[in-house]
Amino acid sequence: MTAYQSLSKSQLLSTKTGLREEIEVIRASNLALDMTRGKPSNEQLDLSLSMFECVGKDNYMAEDNVDCRNYGGLDGLIEAKRFFAEYMEVAETEIIIGGNASLNMMHDAMSIAMLHGTTSAGPWVKDEEVNFLCPVPGYDRHFAICEHLGIKMIPVAMADDGPDMDRVEALVKDDETIKGVWCVPKYSNPTGICYSDEVVERLATMTTAAKDFRIFWDNAYTVHHLGDGYATVKDILNECRGAGHEDRPYLFGSTSKLTFPGSGVAMMAGSENNMAFFRKHLAFQTIGPDKLNQLRHVNFLKDMNGLNEHMEKHAQLLKARFDAVQNVLESRLAGKEIAVWSRPKGGYFIDLNALPGVAQKVISMASELGVKLTPAGATFPYGNDPEDKNIRIAPSFPTVDEVSRATEVLCVCLEAVTVDILLK
Ligand SMILES: Cc1ncc(COP(=O)(O)O)c(C=O)c1O
């Protein structure tokens, strides 16, 4: 296949004619496909149906004679702490089990830092300016939390092994308005990359001008492998502790993509000092979390072996969809040199970079043809992809056939928009 940039004008024109015909065929087929968000498919949700039987009228008591039907247990059931401490690779004293969404806990942690400060210093909101580092492309809802709370975002490029650490270190060294960094260390959203040992070590040991610098370590995809082996990421809490910065990382996780998103169990972890600090604030927010749901999850997943077996089933369903995307991208785009894309071993996304100035047009053309994709720019702070080239593909929810069809439409749009730009 010849690279599009070396095609002559007449070759580009005849390619354009062929693509036009394809577009009209697609239009006539009245598609209605949605690849906007990383939602589990119905088949994945079915994997957890028996969880409904894991608590019931004869099964609502937890360890230490805790009655899960009633108030109490601010930071979670003992068995939930034990189970999810292993999941998050921390000690039982280093975790708080919360409600149904880790995003909620991230928002709380950020709001508390703004209003009440951290274990290291007072409220961020009293500072003239608060900045946060945002590796890009990244997760739109992280960026939305910062924007909502008036925290300014500084984009930092994402490499294949984590954020560009030379840039991160240079920025945080002298600027005390930079209070932290967002990280999705394993199977990152959207690039699917995993942080290398070196990146974790540098994040833990780097000198920050802000004495209350915090790493928001979002472990959303820690067991979400696609079946080609398990990636491991170095223990950030341990590394930070070793460097004398044990209050630096806030870890977050949830079962949203293990069981039922929206009805899962969320958790936050970190140093004992940080956990004591958060328990104090938590006491003003709630009398206690949904313990029945915590019990239901522990009874259903049982232990790490049970959890890993369950995730293998998720992996099979997801892998078929990820393979479908890869096959179509490969067969339609290889050699044309108009896009590069990720081949993740886990997580929920495939990340595609087109030529500059292409993404918005492609996404709106695909939408007109009945294929909804994540809005252009969503993977950047303030919705602004400066090169307008990043496209996030979320293949988990549709069927395998739909994923293939939607990816074909994406490719046709990508080719059509690129050809138009090259003709200009
Ligand atoms: C990186 C990341 N963090 C958090 C979430 C949401 O997690 P939760 O459902 O626990 O709020 C998502 C969902 O897509 C995600 O991609």
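In helix α6 (residues 165–174), Met 165, Val 168 and Val 172 are buried; buried means 20 or more other C-beta atoms within 10 Å of a residue's own, exposed means 12 or fewer, and partly exposed lies in between, with C-beta atoms placed from the backbone. These three residues cover an arc of only 55° around the axis, so they sit on the same side of α6. The arc is that of the directions from the helix axis to the C-beta atoms. On the other side of α6, Asp 166, Ala 170, Lys 173 and Asp 174 are exposed. The buried residues of α6 pack against β5 (131–136), β6 (152–159), β7 (162–163), β8 (178–183) and α7 (197–205). Contact here means C-beta atoms, placed from the backbone, within 7 Å. Helices (H or I, at least four residues) and strands (E, at least two) are DSSP runs, numbered from the N terminus.

This is a predicted model, in which local features need pLDDT of at least 70, side-chain atom pairs count only at pLDDT 80 or more, and totals for chains, interfaces and linings use all residues. Residues are numbered from 1 along each chain as its sequence is written.

Now to the sheet. It is open, has eight strands and runs in the order β4-β11-β10-β9-β8-β5-β6-β7, with mixed pairing. Two strands pair if DSSP finds at least two bridges between them. β4 (95–97) and β7 stand at the edges with a single partner strand each, so one side of each has no neighbour in the sheet.

Follow strand β10 (residues 249–254). Six of its six residues are buried, so β10 is largely enclosed by the rest of the structure. In a regular strand the side chains alternate between the two faces of the sheet. Both faces of β10 are covered: Pro 249, Leu 251 and Gly 253 are buried on one side, and Tyr 250, Phe 252 and Ser 254 on the other.

β10 pairs with strand β9 (residues 214–218) in the parallel sense, over four bridges. Pro 249 of β10 is the bridge partner of Ile 215. Together with helix α8 (residues 236–242), β9 and β10 make a right-handed β-α-β unit. Right-handed means that, with the strands pointing away from the viewer, the path from the first strand over the helix to the second runs clockwise. Strand β11 (residues 266–269) runs antiparallel to β10, joined by four bridges. There, Met 267 of β11 is the bridge partner of Gly 253.

Leaving aside neighbours within four places in sequence, its contacts include Ile 96, Met 105, Tyr 250 and Phe 278.

The largest nonpolar core has 119 residues, and Met 267, Met 268, Val 362 and Leu 414 have the most contacts inside it. Helix α13 (residues 400–423) gives the most to this core, with eleven residues. The core draws at least three residues from each of domain 1 (4–44 + 308–423) and domain 2 (53–303). A nonpolar core is a set of buried Ala, Val, Leu, Ile, Met, Phe, Trp, Tyr and Cys residues joined through C-beta atoms within 7 Å.

The domain bounds come from an automatic or database domain assignment. Taken over C-alpha atoms, the centres of domain 1 and domain 2 are 31 Å apart. Their contact takes 25 residues from domain 1 and 29 residues from domain 2.

Definitions and conventions:
Contact = placed C-beta atoms within 7 Å.
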